[in-house]
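User: I have a chain here and want to talk through its fold and a few local details. Can you go over it with me?

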Amino acid sequence: MPQEALLTMIIQAIIVVVVVLSSFAYLTLLERQLIGRFQARRGPNRAGPFGLMQPLADLGKLTFKEDFVPAGANATIFRLSPLVCVIAAVATLSVIPFGGVHEIGGHTITLYGADLSVGVLFVFAMTSLGFYGLILGGWASGNKYSLLGAARIAAQLVSYEVAMGLSIVGVVMISQSLSLVDIANDQAAHIWYIVYQPIGFIIFMIAAFAETNRTPFDLGEAESELIAGYNLEYGSVKFAMFFLAEYTNMIIVSAIAATLFLGGPDGPFLPGFIWLGIKIAVLLFVFIWVRATVPRLRYDRLMKFGWKVLLPVATANLLLTAVIVGLGFAN
C-alpha cells in the first residue's frame, strides 16, 4: 500500500474514533438530561455551564476510583473482558459508510474505512465478539450475581441474534449484496429499504435493544435483581470501558439501522455524513425514550417473546420478501 494512502487511512480512522468517543461522552449527558425531562426533574446541571462538563466529571471520578481484582476472580480474563468489548465496538466502525467518495486537494477520500464484500457478516462477527466480552467478564468475576448476569446475556444473545439476522437477510435479498456501501448506494439510486422492509426494520430495532443490553432487555444487569449483573465487580477504568462499549454499541446499531433501512448518508441538500448523523440521533433518542417509559421484561417473558413472537414474525417477513423479490417488485 502506498505511504500516502496508508497515512490517509490512519487519519480517517483517528477522526472517526475521536468523533464517536466524543459522541459517547455527550450521549451519556443527553440521556441523563432527557430522562430528567421525561420524569419531570432536572438533569445534571452543576458541572460547567448547563452541565456540559458532566462527562469529564464522570470520567475523572471513575479514573481515580480504586482499580482492583476480586480474590476469587480469574485475573487475566477479568482484565481482558472490557478491552474485548471496546475493540469489538470500535472495529465495527470500519465498515459503516459515513458518505461517498470525494476529491479533496487532488486526493481521493472515502468516508468509510473499508468496503468489505461481506460487510454485513463482519458486523455480526464483531457484535457477537463484544457479547463474549460481557459473558467472560461475568464468569471471570467469581461472583454468583455476575455469573447469573453472564448466563442471561448468553441466552439473550442466542434468542435475539437469530431474529436480527433474519431481518437483515431481507435487505440483502433486495440489494443482492453484503457490502454496506453497496446497500447504501442502491438506496440512494432507488428508494430506502424501509419502504420494502417496515416489519424488518421494527424487528431489527427490537433485537438491537436486546443486542445492546438496553431496557427493557437489560436482564444482564437488572439492578433490582442482580445488583449490577455481569459488571458488579468492576470499577475504575474497567467499568468505564464497559460503559464506553455499551454506548458505542448504541451508536453503531443506530448507524447500521440507518444504513440498512434509512438510506445511510442519502439525503437532499446537506452532506451525507450530516444526514447519517441526523438519522443516528433520531434512533438514539428512541433508545433513551424507551428506557424512560418501558419497564424491564420478566426473564421468562423475554425468552418467550424472542422465540415465540419475534422469530416467527421475522421468518414470515423473510418469506414474504422472497416472494416480492422473486416477482420483481423490489427495485
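Analyst: What follows goes from the overall fold to single residues; the model is a predicted one.

User: How many helices and strands are in the chain?

Analyst: The chain has eleven helices and two strands.

User: And in what order do the elements run from the N terminus?

Analyst: Starting at the N terminus, the order is α-α-α-β-β-α-α-α-α-α-α-α-α. The radius of gyration is 20 Å, close to the 20 Å that the globule rule gives for 331 residues, so the chain is as compact as a globular protein of that length.

User: What does the C-alpha trace span along its principal axes?

Analyst: The span is about 60 × 50 × 45 Å.

User: Helix packing next. At what angle do α6 and α9 cross?

Analyst: Helix α6 covers residues 180-189 and helix α9 covers residues 236-261; their axes cross at roughly 50° and come within 8 Å.

User: Which residues in α6 and α9 meet?

Analyst: From α6 there are Leu 180, Ile 183, Ala 184 and Gln 187, and they meet Thr 259, Leu 260 and Phe 261 of α9.

User: Switching to rings. How many aromatic pairs are in the whole structure?

Analyst: The search finds eight aromatic pairs. One aromatic cluster is formed by Phe 38, Phe 285 and Trp 289.

User: What about Arg 152, which ring face does it lie over?

Analyst: Arg 152 lies over the face of Tyr 299, and its distance from the ring centre is 5.2 Å.

User: Now the backbone. Which residues does a cis peptide bond join?

Analyst: The cis bond joins Thr 215 and Pro 216, with omega about 10°.

User: Where is Pro 216 found?

Analyst: Pro 216 is in the loop that runs between α7 (198-211) and α8 (223-226).

User: Last one: what is phi at Ala 40, and where is Ala 40 found?

Analyst: Ala 40 is not a glycine, yet its phi is positive, at about 55°. Ala 40 belongs to the loop between α1 (3-38) and α2 (54-63).

Note on methods
Residues are numbered from 1 along each chain as its sequence is written. This is a predicted model: local features need pLDDT of at least 70, side-chain atom pairs count only at pLDDT 80 or more; totals for chains, interfaces and linings use all residues. Side-chain values use heavy atoms; hydrogens and water are left out. Axes are lines fitted to C-alpha atoms, for helices over the stretch in contact, and angles run from 0 to 180 degrees between N-to-C directions. Helices (H or I, at least four residues) and strands (E, at least two) are DSSP runs, numbered from the N terminus. Contact means heavy atoms within 4.5 Å. Rings of Phe, Tyr and Trp (its six-membered ring) pair if their centres lie within 6.5 Å; planes under 30 degrees apart count as stacked, over 60 as edge-to-face and the rest as tilted. A charge sits over a ring if NZ of Lys or CZ of Arg is within 6 Å of the ring centre and within 35 degrees of the ring normal. The radius of gyration is taken over C-alpha atoms; the globule rule is 2.2 Å times the number of residues to the power 0.38.
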